[in-house]
Amino acid sequence: MELQSARLDSWIWAVRLFKTRSAAAAACRGGHVRVNGTPAKPGQRIGPDDEIRLRVEGVEKIVVVVRAITKRVGASVVPECLIDRSPPPPPKEVLASVPRRDRGTGRPTKRDRRDIDRLRLRPS
């Protein structure tokens with residue numbers, strides 16, 4: 001039995017974009033999920049050809065619904081249910097160049113803040 005539509009939170013959980021359905025619903029309520037360019041609620045109905053943009057662990061994902069499902073499926077079945085149009089992740093060199101503070105070192109001092117600002121505003 002092929003469904004014509006499914007709840008948004010249920011679908012993004014079923015295709016393994018979130019570990020739990022409650023996490024998927026919380027992402028929807030938090031404004032991290034958009035359907036066809038508009039913010040979406042967890043109970044919104046989605047169907048084939050809907051574009052879903054979401055942020056998972058700080059990474060932007062763009063998927064197009066191919067098949068509406070409500071039951072969680074195996075990882076091998078997921079490609080039949082969606083088309084992944086996510087941009088490629090940034091190169092590791094870019095991620096490594098972002099300055100990080102050691103955990104537990106406290107707030108940056110005024111001098112640290114100026115150094116950070118200087119790095120951010122440096123012309124490329």
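Modeller: Let us start with Ser 10, which is found in helix H1; helices (H or I, at least four residues) and strands (E, at least two) are DSSP runs, numbered from the N terminus. Please keep in mind that this is a predicted model, in which local features need pLDDT of at least 70 and side-chain atom pairs count only at pLDDT 80 or more, while totals for chains, interfaces and linings use all residues. Residues are numbered from 1 along each chain as its sequence is written, and side-chain values use heavy atoms, with hydrogens and water left out.

Colleague: Is Ser 10 buried or exposed?

Modeller: Ser 10 is buried, its relative accessible area being 5%, where buried means under 20%, exposed over 50% and partly exposed in between, with a 1.4 Å probe and protein chains only.

Colleague: And what is Ser 10 in contact with, leaving aside neighbours within four places in sequence?

Modeller: With those neighbours set aside, Ser 10 is in contact with Arg 21 and Thr 70, contact meaning heavy atoms within 4.5 Å.

Colleague: What about Val 15, where does that lie?

Modeller: Val 15 lies in the loop between H1 and H2, and this residue is buried, with a relative accessible area of 2%. Not counting residues up to four places away in sequence, Val 15 touches Ile 69, Val 78, Cys 81 and Leu 82.

Colleague: Switching to the core, which residues touch the most other members of the largest nonpolar one?

Modeller: They are Leu 8, Trp 11, Ile 12 and Ile 52, out of 24 residues in that core; a nonpolar core here is a set of buried Ala, Val, Leu, Ile, Met, Phe, Trp, Tyr and Cys residues joined through side-chain atoms within 4.5 Å. At least two residues of this core come from each of helix H1 (8–14), helix H2 (21–29), E2, strand E5 (51–56), strand E6 (59–65) and helix H3 (78–81), and the largest share, four residues, is from H1.

Colleague: What does Ile 12 touch?

Modeller: Beyond residues up to four places away in sequence, Ile 12 touches Leu 17, Phe 18, Ala 24, Cys 28, Val 33, Ile 52 and Leu 54. Ile 52 and Leu 54 belong, together with Val 56, to the covered face of E5, whereas Glu 51, Arg 53 and Arg 55 make up the uncovered one.

Colleague: OK, the sheet then: what is the strand order?

Modeller: The order is E3-E2-E5-E6-E7 in an open sheet of five strands with antiparallel pairing, and two strands pair if DSSP finds at least two bridges between them. The edge strands, each pairing on one side only, are strand E3 (38–39) and strand E7 (82–84).

Colleague: How many bridges join E5 to E6?

Modeller: Six, with the two strands running antiparallel, and Glu 51 has Val 64 in E6 as its bridge partner. E5 and E6 form a hairpin with two residues between them, and Glu 57 in the turn has a positive phi of about 55°. On the E2 side, three bridges join E2 to E5, and Val 35 stands opposite Ile 52.

Colleague: Last topic, which residues line the largest pocket?

Modeller: Arg 16, Leu 17, Phe 18, Lys 19, Ala 23, Val 56 and Glu 57 line that pocket. On a 1 Å grid over the protein atoms alone, a pocket is an open set of points where a 1.4 Å probe fits, with protein on both sides within 12 Å along at least five of seven lines, and lining residues have an atom within 4 Å of a point.
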